[in-house]
Amino acid sequence: MALAQNDPAGELRRHVAAFLATHDPATMERLSFLRARYDAGLAWVAFPSGHGGLGLPGALQPDLDRLFAEAGAPDNNPRANIIGLGMAAPTILAFGTAEQKERYLRPLWTGEEIWCQLFSEPGAGSDLANVATRAVRDGDEWVVNGQKVWTSSAHTARFAILVARTDPDLPKHAGLTYFLCDMADPGVDVRPLRQITGEAEFNEVFLTDVRIPDAQRLGPEGGGWKVANATLNNERVAIGAAAVRESGIVGLVASTWREHPELRNTELHARLLKLWVEAEVARLTGQRLRQKLALGQPGPEGSAMKLTFARLSQQLTGLELELLGEEGLRYSDWTMVQPETVDFAGHDAGYRYLRAKGNSIEGGTSEILRNIIAERVLGLPAEPRVDKHRPWRELAR
Amino acid sequence: MTALNLLYTDIEDDLRATLRDLLADLCTPAAVSAVYDGDRSLVAPLWKAVAADLGLAGLLVPEALGGAGASAREAAVVLEELGRASAPVPFLTSAVVATMLLLNAGDDLLPAVASGERTAALAIPLSTAPHALLAAVATDSQQRLTGVVTSVAGAAEADTLLVPASTADRIALYAVPVASASVAPVVSLDMTRQLADVTLDYAQGRLVLADAEPAIRAALRAAAALLASEQLGVSRWCLETTVAYLKERRQFGRPVGGFQALKHRLADLYTGIESAAAAARYAAAALAAGDLDLPVAASVAKAFCGDLAVLAAEEAIQLHGGIGMTWEYPAHLYLKRAKADQLALGTPAEHRAQLAELVDLTMRAPGA
């Protein structure tokens with residue numbers, strides 16, 4: 001059964017064919033090609049016309065990307081800009097002014113401008129609304145001071161989505177504002193944060209008198225919590241969206257099983273099959289979630305997808321090491337490097353095992369996600385919140 | 001290739017609402033519970049209302065043959081609701097398995113089964129997986145059938161049995177009126193899908209399909225694919241009922257649903273059910289579309305939803321506390337249905353073993 005009464009897939013194919021007839025990926029310069037693709041509305045299908053899309057169902061995105069890949073077209077290297085594409089872009093689309101959408105979305109999609117996320121702080125992890133980074137108004141600008149942490153891609157990013165406190169006299173959720181921060185500002189200091197894999201995918205970011213024009217505020221003053229939640233819901237959908245069976249870690253484990261009969265035993269076999277089924281079901285769950293979302297903003301349902309993804313990637317990477325036996329005792333490289341792309345499946349099995357430990361922490365811990373599902377989806381009583389209605393300035397820290 | 005639609009269409013939502021209303025009226029937990037004490041007065045009128053009055057017996061039958069001309073997607077929604085109400089009706093056995101076999105054979109019995117006037121059942125143990133060795137009775141030169149088939153679902157409600165019988169080199173399918181057979185209902189773990197032992201002693205059969213094995217396997221595969229939707233319906237009842245109860249039930253001066261240890265278990269169950277919905281919808285959509293991926297889709301759905309429904313029922317009982325253990329409270333109906341459904345049409349382990357063959361993840365070395 002097709003997704004719509006008319007034929008959006010056919011419409012998309014016709015658009016792509018017409019575009020490729022006048023834009024030959026073999027002869028065009030990469031960036032010119034990507035910009036033209038964006039201007040033709042063939043970047044992200046679900047976005048509206050004029051902003052890189054055609055307003056088609058989001059479920060067609062894999063079809064679109066495949067059509068361009070089959071034509072030998074360059075892609076926008078999405079792995080280098082995961083936060084930009086998965087979180088910043090949908091948030092800018094939903095809350096941005098016409099000028100902001102015009103200025104930021106195109107270079108974001110083409111990869112000319114990488115984005116990172118300045119949300120978490122040493123004192124604001126799961127309790128994100130507790131951020132202490134201050135933004136103080138000064139004429140047409142805001143002056144920002146504070147410390148952010150767990151910032152992946154900060155060392156490659158040109159821009160950041162930033163949540164800062166603009167009114168400490170209001171309760172914590174009400175005093176936040178969302179900004180688009182220029183990472184080239186001299187007050188931005190990025191320092192690598194080495195993690196258990198040996199590399200530094202994350203950074204600490206120190207903000208000292210960083211000046212942000214008010215035109216780079218996203219959403220109203222004091223509306224930062226609402227905008228940030230839209231970002232986080234998008235993040236949870238962006239994580240773990242596999243279109244093809246056996247893509248991602250389960251595919252690597254399955255290949256290892258197929259290629260190494262000498263490693264097999266019955267207990268590992270039973271565990272492999274259970275996890276294979278769960279990974280396939282997770283793939284279908286992601287597909288179903290994307291069909292459900294189509295165009296709208298994701299709600300808290302994406303939290304369930306992210307919970308499953310974290311559990312499965314941890315179980316699969318653990319199984320992979322056991323399956324490898326002697327080879328699993330070796331590790332590729334502990335050298336401190338700052339990677340430009342985030343790739344859970346990259347490197348060797350030992351890296352995957354260690355990196356997967358972050359999957360249940362980053363983007364909302366699994367425990368917080370369970371609270372979100374229980375309270376916002378199932379309507380169970382909320383956790384007691386002694387700090388919810390008091391001015392942020394008065395809270396114990 | 002356009003992806004299969006894993007959501008519910010408006011037509012499917014309407015069908016669900018109609019059936020749910022009817023089940024709320026007729027299929028009360030007290031009436032269902034009574035079948036365990038031997039009072040089966042609910043079964044016949046409920047089946048008549050579902051099969052004939054709502055016309056669901058003919059859901060999978062083309063309109064030209066007296067049916068509704070719907071697809072497996074709608075049948076899946078029916079099974080979700082029957083699971084949600086733990087309804088003791090032979091929909092799966094007559095309107096899915098027997099109907100698919102009669103459709104395959106173009107048999108004259110079809111219009112009567114589609115209208116709900118007649119009810120049929122495949123005489124095979126309920127535990128049989130689609131890929132398993134098939135039980136078959138013996139046949140003689142005059143098409144007389146002899147043998148015993150144990151643990152047959154739907155036989156007690158049927159007036160016609162479809163009996164697999166061994167011929168010289170294959171398995172044939174015969175129609176046998178129940179009057180010509182001995183159908184002995186047995187005390188079953190799940191009395192809402194009560195089993196019966198069928199004994200045939202030179203029973204006269206009528207040939208339906210001479211080479212029936214592919215059709216029987218296809219019907220069992222369809223049933224396994226769709227039983228996942230029933231398991232989804234069971235799971236949803238368990239979650240909804242438990243959440244509602246934990247919002248009411250107070251201990252230590254507050255609703256127990258506010259305790260994080262319980263909230264997290266329910267969040268995990270919700271996550272599992274959302275996953276089960278995707279698996280069950282995919283299997284139903286693949287069946288409806290005649291998709292080549294159906295064998296994988298069916299085994300994935302049956303393996304995943306089978307275990308999930310049991311977990312949902314077990315969690316419902318634990319999280320209800322003492323009341324969940326009582327005969328009076330309906331949670332036990334769902335545990336029994338969930339556990340029996342898990343064993344029906346191939347256990348999760350059997351389906352995972354089958355998947356190993358289908359997706360090349362066996363224990364065997366290559367070429368062995």
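Colleague: How far apart do the end C-alpha atoms of residues 116–210 of chain A lie, and how much of the span is helix or strand?

Modeller: Helices (H or I, at least four residues) and strands (E, at least two) are DSSP runs, numbered from the N terminus. Here the ends are 16 Å apart, with 0% helix and 47% strand. One caution: this is a predicted model, where local features need pLDDT of at least 70, side-chain atom pairs count only at pLDDT 80 or more, and totals for chains, interfaces and linings use all residues. Residues are numbered from 1 along each chain as its sequence is written, while chains are lettered from A and ligands numbered from 1 in the order in which they are written.

Colleague: Which UniProt annotation covers residues 15–112 of chain A?

Modeller: UniProt positions use the numbering here, feature names are shortened, and annotations may be inferred rather than shown by experiment. In this case an unreviewed entry gives "domain: Acyl-CoA dehydrogenase/oxidase N-terminal". That stretch is 56% helix and 0% strand.

Colleague: How many residues does the contact take from chain A and from chain B?

Modeller: Two residues are in contact if their C-beta atoms, placed from the backbone, lie within 7 Å. Chain A gives 38 residues and chain B gives 40. On the chain A side, H8(A) supplies the largest share, 16 residues.

Colleague: How do the residues on that side of chain A divide into nonpolar, polar and charged?

Modeller: Ala, Val, Leu, Ile, Met, Phe, Trp, Tyr, Cys and Pro count as nonpolar, Asp, Glu, Lys and Arg as charged, and the others, Gly among them, as polar. The chain A side has 23 nonpolar, seven polar and eight charged residues.
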